[in-house]
Amino acid sequence: MELAHALMDAKQWLASCSPADIDRLRSICLDIHEAEKRLMHASESYLKRCIQRCEGLCCRNVFLGEVMGFEDFCFILVLRPECFEPLFSKASRLKTMFTADCPFLMNGVGPCSLPEAVRPEVCITSFCMQTPDADAAIRAVQARFRNLSRIIRWMRFTRLFRRRIASFSA
Ligand code: SF4
Ligand code: SF4
């Protein structure tokens, strides 16, 4: 249920954001989306290996909590809010607290059912092989996700701070 909770938290948190905050998040997420597109292009030959030789082992029998979480879901839902229902329904069916195949694999086998270049950070930046042609693009995606995390933390902190101030002065 960890994934379903993270997904629900992301949806609720986004619903509580001001339009100005959503605009700011959207611009950061669009930037990540573009960086993911460039990475997919740069890593085409490596991704072929993932699909053809090992059939996406990275999406199977993994600790899903270590692969994606709240901030990844914020990224996905800012760009594709319509994904919430199908993702939540798949994540809610997951019963294990341990390793599992990712519930977002299409029909349980793959490929990934998420929209192209709207993938969690770990999914798109982790390879088991040397990736000299894609290293710069990987770093670019990671740097943008770090920026998104910083902004989300800052937004949550300032909101909490404002609430505290309001409760003291009430
Ligand atoms: S990164 Fe390696 S283990 Fe993961 S799917 Fe690709 S080839 Fe398979
Ligand atoms: S979200 Fe997609 S790429 Fe990531 S583990 Fe799940 S199926 Fe694989």
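Predicted model: local features only at pLDDT ≥ 70, side-chain atom pairs only at ≥ 80, totals over all residues.
Start with helix 2 (residues 19–42) and helix 8 (residues 135–169), whose axes come within 8 Å and cross at roughly 165°. Angles over 145 degrees count as roughly antiparallel, so helix 2 is roughly antiparallel to helix 8. As for handedness, helix 2 passes helix 8 in a left-handed crossing. On the helix 2 side, the contact residues are D21, I28, C29, D31, I32, A35, E36, R38, L39 and A42. Facing them from helix 8 are A137, I138, A140, V141, R144, F145, N147, L148, I151 and M155. Sorted by type, the residues of this contact between helix 2 and helix 8 come out as 14 nonpolar, 1 polar and 5 charged.

Now for the torsions. Most residues other than glycine have a negative phi, and most peptide bonds are trans.

| Residue | Phi | Other C-beta atoms within 10 Å |
|---|---|---|
| E55 | near 50° | 12 |
| A117 | near 60° | 18 |

E55 sits in the loop between helix 3 (44–52) and helix 4 (64–67). With 12 other C-beta atoms within 10 Å, and 12 or fewer being the cut-off, E55 is therefore exposed. A117 belongs to the loop between helix 6 and helix 7. Its count of 18 makes A117 partly exposed.

The loop between helix 6 (84–92) and helix 7 (121–125) also holds P111. Going from G110 to P111, the peptide bond is cis, with omega near 5°.

**Around ligand 2**

Which residues are around ligand 2? They are C59, V67, C102, F104, L105, C112, L114, R119, P120 and C123. By type, that shell around ligand 2 has 9 nonpolar residues, no polar ones and 1 charged.

**A look at Y46**

Y46 is part of helix 3. Is Y46 buried, exposed or partly exposed? Y46 has 16 C-beta neighbours inside 10 Å, so Y46 counts as partly exposed. Leaving aside residues up to four places away in sequence, Y46 touches F127, M129, T131 and A134. K95, meanwhile, is 49 residues from Y46 along the chain, and the C-alpha atoms of Y46 and K95 are separated by 32 Å.

Notes: Residues numbered from 1 in each chain as written. Chains lettered and ligands numbered in written order. Near = placed C-beta within 6 Å. Nonpolar A, V, L, I, M, F, W, Y, C, P; charged D, E, K, R; others polar. Helix = DSSP H or I, 4+ residues; strand = E, 2+ residues; numbered from the N terminus. Buried ≥ 20, exposed ≤ 12 C-beta atoms within 10 Å, placed from the backbone. Axes fitted to C-alpha atoms, helices over the stretch in contact; angles between N-to-C directions. Parallel < 35°, antiparallel > 145°, perpendicular 65-115°, else oblique. Left-handed = near helix turned anticlockwise from the far one by under 90°. Contact = placed C-beta atoms within 7 Å.
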